[in-house]
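Reader: Please walk me through this one, starting with the conventions.

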Amino acid sequence: MYHPNWLANLELVRKNNNEWRMCIDYTDLNTHCPKDPFSLPHIDEVVDSTAGYEHLSFLDCYSGYHQISLKADDQIKSSFMTPFRAYCYTTMSFGLKNARATYRHAIQQCLHDEIQDDLVEAYVDDVVMKTKDVGTLIYNLDQTIECKS
């Protein structure tokens, strides 16, 4: 039997709506990871940057969060124990220290051209397409989605 060094404990927590959420305690792993200094933008700056734009389209990229693969060597570090056996993540988990910064890097890289052209604002998994003319909003949405898919 293989015993990973970074085996984390699993805990089920009841949410406000009485559903259960699986939480993994990555305290030990996160303590040993250096912090990625790529911080989130200030939300007031993101909101202010949409001033003067008449048309906004809001995109929620939540499901994209779980599309970021972990390196094969790092997957074992995300191991957690259940009553039946140990498992590990193959994609990024919310509980990891640098998950937000890693996701922000991915969004910035994916939407680099649109951000540079001042067509998009991104905050974690929320993306706002903006324009002063409704005709260009549809065109920009079409180009962005076509290019990224």
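Author: Two strands pair if DSSP finds at least two bridges between them. Strands (E, at least two residues) and helices (H or I, at least four) are DSSP runs, numbered from the N terminus. This is a predicted model, so local features need pLDDT of at least 70 and side-chain atom pairs count only at pLDDT 80 or more, while totals for chains, interfaces and linings use all residues. Residues are numbered from 1 along each chain as its sequence is written, and side-chain values use heavy atoms, without hydrogens and water.

Reader: ok, what is the bridge partner of Ala122?

Author: Val127, in strand 7. Tyr123 stands opposite Asp126 in that strand.

Reader: And how do strand 6 and strand 7 pair?

Author: Strand 6 (residues 120–123) and strand 7 (residues 126–131) are antiparallel, over four bridges. Their hairpin has two residues between the strands, and Val124 there has a positive phi near 50 degrees.

Reader: Which strands form the open sheet, and in what order?

Author: Three strands, ordered 3-7-6, with antiparallel pairing. Strand 3 (55–60) and strand 6 are the edge strands, each pairing on one side only. On average, neighbouring strands are turned by 20 degrees against each other, direction ignored; the axes are lines fitted to C-alpha atoms (for helices over the stretch in contact), and angles between N-to-C directions run from 0 to 180 degrees.

Reader: What is Leu59 in contact with?

Author: Beyond neighbours within four places in sequence, Leu59 contacts Asp125, Asp126, Val127, Met129 and Leu141. Contact means heavy atoms within 4.5 Å. Leu59 and Met129 are 70 residues apart in sequence but 7.8 Å apart in space, C-alpha to C-alpha.

Reader: Switching topic. How many residues has the largest nonpolar core?

Author: It has 20, and Tyr26, Met92, Leu96 and Tyr103 have the most contacts inside it. Such a core is a set of buried Ala, Val, Leu, Ile, Met, Phe, Trp, Tyr and Cys residues joined through side-chain atoms within 4.5 Å.

Reader: Which elements supply at least two residues of this core?

Author: Helix 4, strand 6, strand 7 and helix 6 (134–148). Helix 4 gives the most, with three residues.

Reader: Last one: what does Arg104 touch?

Author: Arg104 lies in helix 4 (residues 99–110). Not counting residues up to four places away in sequence, Arg104 touches Phe38, Ser39, Leu40 and Pro41.

Notes:
Buried < 20%, exposed > 50% of the residue type's maximum accessible area, 1.4 Å probe, protein only.
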